[in-house]
Amino acid sequence: MPVTPPLNAARSGWTLALLALGQAVFALDLNIVFVALPEIGTDLGFPGQTQQLVVSAYVVFAGGFLLLGGRACDLLGRRRVFVAALALYGLSSLAGGLARSPEVIVGARIVQGVGGALLLPSILSLVNTLFEEGPRRNRALAVWGGAGASGLTLGALLGGVLTEGFGWPAVFFVNVPLAAAIAVAAVFVVPRDPARTERRRFDLPGALTVTAGATLLVFALVQAPERGWAAPWILGALAAALVLLAAFALVETRSADPLMPFRLFRNRSLSAGAAITFLYTATFGVLPYFLTVLLRSVHGYSAPQTGLAFLVLSLAIAAGTQLGERLTTRAGLRSTLLGGFALGAVGTAALAAGFDADAGYLALVPGLVVSGVGQGVVWTAMWIAAAAGTAAREQGIAGGAASTTMNLGNAIGLALFTAVADAGTDGPGGEGLARATADGGFLVVLLAAAAMLLGLLLALVLRPARADAPAAVAPDCPLAVSG
């Protein structure tokens with residue numbers, strides 16, 4: 001059966017650079033809108049309590065469509081989905097920048113979220129199929145992870161600069177030429193999708209139930225801290241999500257060609273990798289939010305100053321992604337994940353020293369460096385684990401599954417930790433509120449460090465698999481049509 005031919009050194013370098021740039025754009029957009037929210041609210045007439053819809057609309061739909069995006073890569077072709085996702089990203093960004101009403105900008109962010117749900121699995125599956133399992137894939141994932149870390153920092157910095165210099169629409173318009181240039185370059189640089197060798201059905205009932213269920217679940221988790229866990233909207237969304245996800249599980253057990261083949265989770269590497277991505281974003285993933293609150297609300301940093309403050313963390317994460325690749329290749333996945341989580345827990349606990357209303361930025365630096373390196377090590381190793389032992393024909397859905405648990409972990413972690421941090425902030429105002437906010441962040445950081453120790457247990461059950469493991473995968477058979 002035809003497979004994608006091996007890439008020569010020159011073409012593999014250009015391809016990896018392009019995929020890394022795509023990941024940087026994806027990561028950039030996670031942070032770039034945050035700093036523009038006050039200006040968006042003022043210009044478009046958003047009441048203060050609803051401005052978060054600009055963020056949550058993206059998060060909810062990106063999380064809900066990830067499994068669908070992963071399967072689309074396997075069925076329609078990875079390069080094709082990559083290009084289509086970039087086109088969707090660019091067009092929705094253009095619509096967002098041109099928006100003159102709250103409804104239009106929220107709608108644009110919904111479409112942008114769907115584009116993100118197609119983009120992330122397509123990049124992951126391209127990396128995991130174009131670079132064979134082992135040192136080459138490990139190195140490619142390290143470059144991809146480093147680009148993501150750079151994009152997060154650039155988003156915070158660029159968001160402040162563009163908003164102050166050109167107005168809030170610039171944070172959307174900047175995506176348009178970037179997405180267009182990457183999409184055009186992909187047609188010439190990324191290898192064509194292999195020819196289809198068998199016809200496959202698209203599991204429409206599975207796609208509808210899991211997408212609706214996951215979207216409602218993420219919606220409830222994102223909105224609960226603001227609306228209250230007992231609010232009728234939240235309880236109704238949670239109940240509907242559980243019913244739909246149960247229906248999805250039933251549909252998949254009876255489908256001849258399921259959207260999510262549950263047999264894949266017999267591969268312990270994928271199962272552990274998906275669990276680790278959940279824990280990663282529930283712990284490491286919430287730290288930037290509480291750091292932002294500390295710097296802006298407690299210490300009064302401006303948006304550009306906050307972006308610069310994140311530079312130390314992002315450089316440490318980028319260094320950790322490269323270290324994670326080397327450790328995985330030399331010491332193995334289990335040892336690397338054990339070391340990464342241990343380092344992250346120690347560094348995050350040290351970070352708590354800076355969560356004090358009277359402490360300066362320098363008190364945060366040691367924790368930022370150590371925690372960031374541990375975070376980068378785990379980031380690279382967990383994606384290596386999630387991809388190991390899965391055939392190329394199913395790398396898209398494997399990446400979509402791990403990306404979904406990552407998104408859910410962030411939503412659940414942020415919801416729970418926000419409730420903890422806000423518990424003591426209702427009464428005081430002024431300096432008292434600032435101290436209460438810092439104290440809440442202090443407790444959250446210590447709890448996050450303790451939760452990271454669960455990663456040690458998950459790493460211990462990890463049993464790395466190879467792509468030829470018959471129990472975990474079906475025979476490799478590329479599915480996308482040529483072109």
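User: Is Arg-139 buried, partly exposed or exposed?
Analyst: This is a predicted model, and the class is computed from it. Buried means under 20% relative accessible area and exposed means over 50%. Arg-139 has a relative accessibility of 35%, so Arg-139 counts as partly exposed.

User: Which residue forms a salt bridge with Arg-139, and how far apart are the closest N and O atoms?
Analyst: A salt bridge needs a side-chain nitrogen of Lys or Arg within 4 Å of a carboxyl oxygen of Asp or Glu. For Arg-139 the partner is Glu-325, and the closest N and O atoms are 3.7 Å apart.

User: How many residues apart in sequence are the parts that this pair ties together?
Analyst: Arg-139 belongs to helix α7, which covers residues 135–166. Glu-325 belongs to helix α15, which covers residues 311–331. The pair therefore ties together parts whose separation in sequence is 186 residues.

User: Is Glu-325 buried or exposed?
Analyst: The cut-off for buried is under 20% relative accessible area. Glu-325 has 9%, so Glu-325 is buried.

User: Which residues are linked in a network of salt bridges?
Analyst: Glu-325 forms a salt bridge with Arg-139. Arg-326 also forms a salt bridge with Glu-325, with the closest N and O atoms 3.7 Å apart. Arg-326 is partly exposed at 37% relative accessible area. The linked residues are Arg-139, Glu-325 and Arg-326.

User: Which residue forms a salt bridge with Arg-435, and where does that residue lie?
Analyst: Arg-435 lies in helix α19, residues 431–452, and the pair ties together parts 77 residues apart in sequence. The closest N and O atoms of the pair are 3.1 Å apart. The partner is Asp-358, in the loop between α16 (333–351) and α17 (365–387).

User: Which class of exposure does Asp-358 fall in?
Analyst: Arg-435 has a relative accessible area of 32% and is partly exposed. Asp-358 has 59% relative accessibility, and the cut-off for exposed is over 50%. Asp-358 therefore counts as exposed.

User: How many salt bridges does the structure hold?
Analyst: Among them are the pair Glu-325 and Arg-139 and the pair Arg-435 and Asp-358. The total for the structure is four.

User: How many helices and strands does the chain have?
Analyst: The helices named above include α7 and α15. The chain comes to 20 helices and zero strands.

User: What share of the chain's residues is buried?
Analyst: Glu-325 is one of the buried residues. The chain has 483 residues, and the buried share is 55%.

Key: Residues numbered from 1 in each chain as written. Predicted model: local features only at pLDDT ≥ 70, side-chain atom pairs only at ≥ 80, totals over all residues. Heavy atoms only, no water. Helix = DSSP H or I, 4+ residues; strand = E, 2+ residues; numbered from the N terminus. Buried < 20%, exposed > 50% of the residue type's maximum accessible area, 1.4 Å probe, protein only.
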